Amino acid sequence: MAKPLRVGMIGYGFMGRAHSNAYAQVNHFFDLGHQVVRQACCARNEEKIKAFAEKWGYASYETDWRRLIERDDIDLIDIGSPNNTHLEIATAAAEAGKMVLCEKPLAMNAEEGQKMVEAVERAGVPNMVWYNYRRVPAISLARQIVDEGRIGRPFHYRATYLQDWTIAEDVPQGGPALWRLDVNVAGSGVTGDLLAHSIDTAEWLNGPIRRVSAHTETFVKERTHVETGKKEPVGIDDACMFLAVFENGSIGTFESTRYARGRKNYNTFELNGERGSVFFDLEDPHILQYFRYADPETGRKIEDHLTGWQRIHVTNSEHPYMDHWWVPGCTIGYEHTFINALADFIEALDEGKPVQPDFRTALHTQRVCDAVLESSRTGQWVEIPPP
Ligand code: SOE
């Protein structure tokens, strides 16, 4: 008999919906020792959170997150509210003995992230950060291919994360929908919002980043602020490029912008090694491209007339997560990455094991983001301490 896992969800925006969908679906597709109960959701706007509770099947709602955390019928607090709220909520939730899930990036900066790690580790509560792209089956397959030794000694890592939704100068900043453009709420621009994903994926596939050298740009210097109605300086980075040196000796380039006309959520990476390469593009999410140069066991070169890039359609039941979904050839989508992540969290909970990426791992990602921003400010290479 599955134990109840009573969830208190904070936030009702894009991520509030993505996480709530995972809570609604996970037990339909994964056999787990816990049954999710959508116990309560929470946001300040009563009309909106009441409607959200009805739409997503939450049994109740709150308009003050402190009240949600005080409730003894809640086991897990999920933070889907803007970045400047993460520290306070996560700390209070951990102190109240709740499990804590947090939307990425972990915090506004590493100093805050460090406090969050201390809070969850002091309380000994299960915790996870929603770096959902690890749970794209094709990206998990890339990790499997690396673990199987099929890439061999890595040389290059190349990541891009491109969007185009902030090019118009009249897009305002601030408020419930556009807080990502307000540095006081988001902490940074594309570095924390998009490159944090790329860094998490990169470190998961290729190990820790040790040094970075970066350049950031803010193309539109002033935008009307939704809350004041006045033009205010833009404090976020609109675009960021950085060079990276990994602990394993390979080198990387990372590029992100919200000004790449035509690119919507173009999140790609390529890893080139001595024995093979992998390439992934989120706008073609079911495909992992794999180039096999040599046999992983013998190191012997594949016959020349048989080498070439393979486009693996990652929908076989042997592929990561796919035995929980449909028959081979039938694809899954963006929302399933959150369901897969939640299933991993609950499986770990069932077994009393930690899950990745936890707050400590996400803190390292945050340290890389901070180092990138520091490097852009100072024009110097910046070292990142080992995880
Ligand atoms: C920004 O546009 C955004 O919504 C990010 O905040 C998400 O983390 C990313 O997955 C999609 O783009």
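Two strands are taken to pair if DSSP finds at least two bridges between them. Helices (H or I, at least four residues) and strands (E, at least two) are DSSP runs, numbered from the N terminus. The model is predicted: local features need pLDDT of at least 70, side-chain atom pairs count only at pLDDT 80 or more, and totals for chains, interfaces and linings use all residues. Residues are numbered from 1 along each chain as its sequence is written.

**View 1. An open sheet of 6 strands with parallel pairing.** The strand order is β3-β2-β1-β4-β5-β6. At the edges lie β3 (60–62) and β6 (127–129), each of which pairs on one side only. Neighbouring strands are turned by 25° against each other on average, direction ignored (axes are lines fitted to C-alpha atoms, for helices over the stretch in contact, and angles run from 0 to 180 degrees between N-to-C directions).

**View 2. Strand β2 beside β3.** Strand β2 (residues 34–42) runs parallel to β3 and is joined to β3 by 3 bridges. Ala 40 has Ser 60 of β3 as its bridge partner.

**View 3. Strand β5, covered on both faces.** In β5 (residues 99–102), Met 99 and Leu 101 are buried on one side, and Val 100 and Cys 102 are buried on the other. A residue counts as buried if 20 or more other C-beta atoms lie within 10 Å of its own, exposed if 12 or fewer, and partly exposed in between, with C-beta atoms placed from the backbone. Strand β4 (residues 76–79) pairs with β5 in the parallel sense over 4 bridges, and Ile 77 stands opposite Val 100.

**View 4. The two sides of helix α2.** Ile 49, Phe 52 and Ala 53 are the buried residues of α2 (residues 46–56). They lie on the same side of α2 because they cover an arc of only 100° around the axis (the arc is that of the directions from the helix axis to the C-beta atoms). Glu 47, Glu 54 and Lys 55 are exposed on the other side. Just after α2, Gly 57 takes a positive phi of about 75°.

**View 5. Ala 142 in helix α6.** Ala 142, in α6 (residues 137–147), is buried, with 28 other C-beta atoms within 10 Å. Leaving aside residues up to four places away in sequence, Ala 142 touches Leu 205, Val 278, Phe 280 and Leu 288 (contact requires C-beta atoms, placed from the backbone, within 7 Å). The C-alpha atoms of Ala 142 and Glu 270 are separated by 9.9 Å, although the two residues are 128 residues apart along the chain.

Conventions
Two residues are in contact if their C-beta atoms, placed from the backbone, lie within 7 Å.
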